[in-house]
Amino acid sequence: MTQAALLVHPCGDRALSLRVAANGPALAGDKIIALAQSLREDPLNGVVETVPTCDALLVIYDPQTVPFAHVRAGLEDRFADLPDQALIGRMWDIPVVYGGDVGVDLDALAHAKRMSRDALITLHASATYSVYMAGGAPGFAYLGGLPEVLHAPRLAVPRPRVEAGAVGIGGRQAAVTSAAGPSGWRYIGQTPVCLLDQTRDDPILMRAGDRVRFYAVSAADGRQMARTKFAPEPRVLSAP
């Protein structure tokens, strides 16, 4: 049984916003993911859609089918029955070309953190990240689990264009961009993996609840992977 508290807030006449009061953002994020997965696998009566974010879950329901009070009670019961450990989906091993034309902030960030470039890369690639949400742009993956020493504020002035596949840091989160566009994140590399591909059965590669590990590859290997449209095979994980 979970020891964290569920905070329920109405959103208009057909939705609720759920937040978790827990010790640390990682636990709160994991509980939100676990609740979203539970509702996808076994929907509550009247619930139409769930939208997980980094620290909250939006639950949309049909008020003509079920009243607010019943939805709230059902969500509170479901949350109370969650296992202590969050449910785990898939593990993605994502190659990264650190530095280069896209990873323009790598050296400056290493200098600011008083570590070598190689030490920063090793630390970044040593963590296991949780996909808390995909949003901002379709398939843009927000990742929790960034080592605290690598936390860094976003740029004061966003760059007008950052290429797809850029691997970045913004505050206490990591991210992988899915499409080229403006961004104020600090970018330390680029993956040849395409996070958003309309030709796939599921165009979005990463979903909330997935886990991610990064590993370094050379620029030459990264170019070859991009040419061959390298797509990693996920490892399916079960709850501990």
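Predicted model: local features only at pLDDT ≥ 70, side-chain atom pairs only at ≥ 80, totals over all residues.
Q: Which residues touch the most other members in the largest nonpolar core?
A: They are I94, Y98, Y129, L143, M206, V212 and F214. The core has 29 residues.

Q: Which elements give two or more residues to this core?
A: On the strand side they are β5 (90-98), β6 (129-134), β7 (141-144), β9 (166-170), β10 (173-176) and β13 (211-216). Helices α3 (106-112) and α4 (117-126) do too.

Q: Where does the largest share come from?
A: From β5, with four residues.

Q: Back to Y98. What does Y98 touch, leaving out residues up to four places away in sequence?
A: L106, R117, I121, H124, A125, I188, G189, F214 and A216.

Q: What other core lies apart from the largest one?
A: One of 22 residues. Its members include L18, V20, A36 and V66.

Q: Why would nonpolar side chains end up together like that?
A: In soluble globular proteins, nonpolar side chains tend to be buried together.

Q: New topic: pockets. How much space lies in the largest pocket?
A: About 260 Å³.

Q: Which lining residues lie nearest its centre?
A: V97, Q190, T191, P192 and G222.

Q: On to β4. Why call strand β4 largely enclosed?
A: Strand β4 spans residues 56-61, and five of its six residues are buried, so the rest of the structure largely encloses it.

Q: How many bridges join β2 to β4?
A: Five, and the two strands run antiparallel. Strand β2 covers residues 15-21. Within this pair, S17 stands opposite L58 of β4.

Q: How do β3 and β4 pair?
A: In the antiparallel sense as well, over five bridges. Strand β3 is residues 47-52. T50 stands opposite V59 in β4.

Q: What joins β3 to β4?
A: A hairpin, through three residues.

Q: Last one: S38. Where is S38 found?
A: In helix α1, residues 25-41.

Q: Is S38 buried or exposed?
A: Buried. Its relative accessibility is 15%, and buried means under 20%, so S38 qualifies.

Q: What does S38 touch, again skipping residues up to four places away in sequence?
A: R78 and L82.

How values were computed:
Residues numbered from 1 in each chain as written. Heavy atoms only, no water. Core = buried A, V, L, I, M, F, W, Y, C linked by side-chain atoms within 4.5 Å. Buried < 20%, exposed > 50% of the residue type's maximum accessible area, 1.4 Å probe, protein only. Contact = heavy atoms within 4.5 Å. 1 Å grid on protein atoms, 1.4 Å probe; cavity = no way out; pocket = protein on both sides within 12 Å on 5 of 7 lines; lining within 4 Å. Points joined across faces, edges and corners; volume = space filled by probe spheres on them. Pairing = 2+ DSSP bridges.
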